Amino acid sequence: MEHEDGEFLPVSLEMVGEARRLMDSFNTKYSSNEKVVAVILGHNVQDLSKQLIEYGADAVVYADNPELKDVRNTIYTKVIGQIVQDTKSLGEIEPEYASDIKRPRYMFFAADSIGRHLSSTTLVELESGLASDINKLVIEDIEMSHQQKTGGTKETYAKTLEMYRPDFSGFLWTTILCLDNRNPAFKRDYHPQSCSIIPGVFEPLKRDSLREGKIIEFTPTIDPQDLKVKVLGREIIKSEVDFETPRTIVSFGRGIKDDPEQNIKLIENLAKELNAEIGVTLPMSKKPYQISQALDSKYMIPARVIGTSGHKTSAMLYVAAGVSGAMQHVMGMKDSGFVVGINPDEDAPIKNECDVFIKGRMEDVIPLLIEEIKKQIQIVEVQ
Ligand SMILES: Cc1cc2nc3c(=O)[nH]c(=O)nc-3n(C[C@H](O)[C@H](O)[C@H](O)COP(=O)(O)OP(=O)(O)OC[C@H]3O[C@@H](n4cnc5c(N)ncnc54)[C@H](O)[C@@H]3O)c2cc1C
C-alpha cells in the first residue's frame with residue numbers, strides 16, 4: 001500500500017476495493033473464507049492500518065522500522081517477501097487455513113514508478129510471474145491443454161486470475177495467466193499470481209468506519225547488505241510543466257508524423273489561441289522524430305506526458321490531436337470536462353472519450369479551427 005506524508009495514494013485504496021470485490025465473489029463461488037490482506041511498510045505507519053480495514057481489507061500486516069521510512073527497492077523487496085511467506089502472521093489472520101498457507105494466492109501492486117519496480121523484484125524474490133499494467137481482473141476456472149504447462153493433456157486450472165491489459169495502443173486486449181507447470185517433466189508451482197494495476201481504473205469502496213479486521217505488526221529481519229542505498233535528502237520537485245492551473249490542454253501524439261516540425265507549430269498556434277498548456281502521448285517523450293532542438297527540448301519530454309506514466313488532468317477543455325486514445329493515455333484525461341478529438345481514423349478509441357470528434361487530418365483541421373476561434377473571439381470582444 002503506497003503512502004506519502006501519512007496519506008494513502010488513491011491507487012492503494014483502489015486496489016483494496018478491487019481485492020474486496022474479487023474475494024467476495026470468490027468466497028461465494030467457492031464457499032470459502034479467504035481474506036484480503038493489505039501490507040504497509042514505513043515508519044510510524046501503525047495509525048494508517050485501521051483505514052485500510054475501513055476501505056475493505058480483512059487484515060493489515062505492517063512493518064514499522066526507521067529503515068523503511070523511505071522506499072528503497074532492495075529492502076522493500078526483502079521485507080515484502082518475508083511478510084508474504086510468514087505463515088505465522090498469515091495463520092493468525094485465518095486460523096482455519098493456518099496449516100495450509102504457503103504464500104498468498106494473488107498479489108497486487110500499483111502500476112506507478114514505485115510499484116512497477118517493486119512488483120518485478122518481489123516476484124523474482126518469490127520466483128513467480130507478474131503481469132504489468134492491468135485494468136481488468138476476473139477469477140475463473142479455466143480448462144487448457146498446453147505442451148509446456150500440461151504436457152499436452154487437458155487440465156482444469158481452478159481459481160485462475162485472468163489479468164487483462166490493453167496492448168497495441170488499446171486496440172487489443174491481452175489476457176495474462178500465471179499457471180503452475182503440471183507437465184511431469186517440469187512440475188512447478190507459480191504462486192502468487194500477481195500483477196500491477198493501473199491507477200484510476202478501479203473504484204475504491206466507500207469508507208465504512210464500522211468495518212472490523214485484524215491488524216498485525218510484523219518485525220522484519222533487516223540485513224545491512226540490503227541498506228547500501230542511503231537516502232540523504234528528499235525533495236518533491238515541481239514539474240516544469242503546469243497541468244494543474246490551465247483550464248485547457250491541447251495534446252498531440254504520433255499523428256504529427258507526416259510533418260512533425262510544422263504540425264507542432266500548428267499545435268502551438270492552437271494552444272496560443274486557447275490559452276492552453278501542451279501535453280503529449282508517451283511515445284512523443286521518447287523523441288521519435290528528427291525536429292529542431294528548440295521544439296524537441298520544449299515538447300518531447302516526460303514532463304508533458306498525459307496518462308498513467310505522466311500527469312492526470314481534469315481540464316475544462318481537452319483537445320487530442322493525432323492521439324489514438326490508448327487506455328494508458330485515456331486514464332490521464334478522462335476526467336476532463338469537454339473533449340475534442342482530431343483524427344482521420346473514426347475507429348480510433350479516442351472517439352469514445354470525445355464530446356466532439358473531428359474526422360480529419362490535423363494539417364487540415366487545425367488551421368480552420370484557429371481561423372474560427374479568432375472570428376469568435378472578435379465577436380465576443382465586440383459584444
Ligand atoms: C506500461 C505502459 C505505460 C504507458 N503509459 C502511457 C501514458 O502515460 N501516456 C500515453 O499517452 N501512453 C502511454 N503508453 C503508450 C500507449 O499504450 C500508446 O502506445 C500511446 O498512447 C499511443 O500514442 P499515440 O496516440 O501518440 O500513437 P498512436 O497510437 O500511433 O496513434 C496515432 C494516431 O494519430 C492518428 N493520425 C495519423 N495521422 C494523423 C493526422 N495527419 N492528423 C491527426 N491524426 C492523425 C492515427 O489515426 C492514430 O489514431 C503506455 C504504454 C505502456 C505499455
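**Notebook: a look through a predicted model**

I began with Pro192, which sits in the loop between strand E9 (172–176) and strand E10 (193–197). The model I am reading is predicted.

**Entry 1**

What kind of peptide bond joins His191 and Pro192? I checked omega and got about 0°, so I wrote down a cis peptide bond for this pair. I flagged the bond since most peptide bonds are trans.

**Entry 2: two residues with positive phi**

Most residues other than glycine have a negative phi. Ser31 is not a glycine, yet its phi is positive, at about 45°. I found Ser31 in the loop between helix H1 (10–29) and strand E3 (37–42).

Is Ser31 buried or exposed? Its relative accessible area is 68%, and the cut-off for exposed is over 50%, so Ser31 counts as exposed.

Glu127 went on the list too, with a positive phi of about 55° although it is not a glycine. Glu127 belongs to the loop between helix H5 (113–125) and strand E6 (130–134). I looked up its relative accessible area, which is 53%, so Glu127 is exposed.

**Entry 3: the whole chain**

I stepped back for an overview. I noted 10 helices and 16 strands in the chain. Along the principal axes, the C-alpha atoms fill a box of roughly 80 × 55 × 45 Å. The chain has 383 residues, and buried ones make up 48% of them.

Taking contacts with a separation of 6 or more, 63% are between residues 24 or more positions apart.

**Entry 4: two domains**

How is the chain divided? I have domain 1 as 3–227 and domain 2 as 248–382. Their C-alpha centres are 37 Å apart. I looked up what joins them: 10 residues of domain 1 are in contact with 12 residues of domain 2.

**Entry 5: the ligand**

Where does the ligand lie relative to the domains? Domain 1 and domain 2 both give residues to the shell around it, so I placed the ligand between them.

There are 31 residues around the ligand, and the ones that come nearest are Arg254, Thr281, Ser309, Ser324 and Asn343. By class, I sorted the shell into 10 nonpolar, 13 polar and eight charged residues.

Then I went through individual atom pairs:

- A backbone N or O atom of Arg254 is 2.7 Å from an oxygen atom of the ligand.
- The side chain of Asn343 has an N or O atom 2.8 Å from an oxygen atom of the ligand.
- The side chain of Lys257 has an N or O atom 3.3 Å from a nitrogen atom of the ligand.

How much of the ligand does the protein cover? On its own the ligand has 980 Å² of accessible area, and the protein covers 84% of that. I also jotted down the elements that give two or more residues to the shell: helix H9 (327–333), strand E15 (338–343) and helix H10 (362–382).

**Entry 6: three buried residues**

Ser12 came up in helix H1. Its relative accessible area is 0%, and buried means under 20%, so Ser12 is buried. Setting aside residues up to four places away in sequence, I found that Ser12 touches Met1 and Glu2.

I tracked down Tyr299 in helix H8. With 4% relative accessibility, Tyr299 counts as buried. What does Tyr299 touch, leaving aside its neighbours within four places in sequence? I listed Phe252, Ile264, Glu268, Ile278, Val280 and Arg304. With Glu268 there is also a polar contact of 2.7 Å between the side chains. For a sense of distance, I checked Tyr299 against Lys29: they are 270 residues apart along the chain, and their C-alpha atoms are separated by 51 Å.

Thr313 is in the loop between helix H8 (293–299) and strand E14 (317–321).

Note on methods: Residues are numbered from 1 along each chain as its sequence is written. This is a predicted model: local features need pLDDT of at least 70, side-chain atom pairs count only at pLDDT 80 or more; totals for chains, interfaces and linings use all residues. Side-chain values use heavy atoms; hydrogens and water are left out. A residue is near a molecule or strand if one of its heavy atoms lies within 4 Å of it. A polar contact is a pair of N or O atoms within 3.5 Å; within protein, one must be able to donate a hydrogen and the other to accept it, and residues adjacent in sequence count only if both atoms are side-chain atoms. Accessible areas come from the Shrake-Rupley method with a 1.4 Å probe; for residues, only the protein chains shown count as cover. Helices (H or I, at least four residues) and strands (E, at least two) are DSSP runs, numbered from the N terminus. Ala, Val, Leu, Ile, Met, Phe, Trp, Tyr, Cys and Pro count as nonpolar, Asp, Glu, Lys and Arg as charged, and the others, Gly among them, as polar. Domain bounds come from an automatic or database domain assignment. Buried means under 20% relative accessible area, exposed over 50%, partly exposed in between (1.4 Å probe, protein chains only). Contact means heavy atoms within 4.5 Å.
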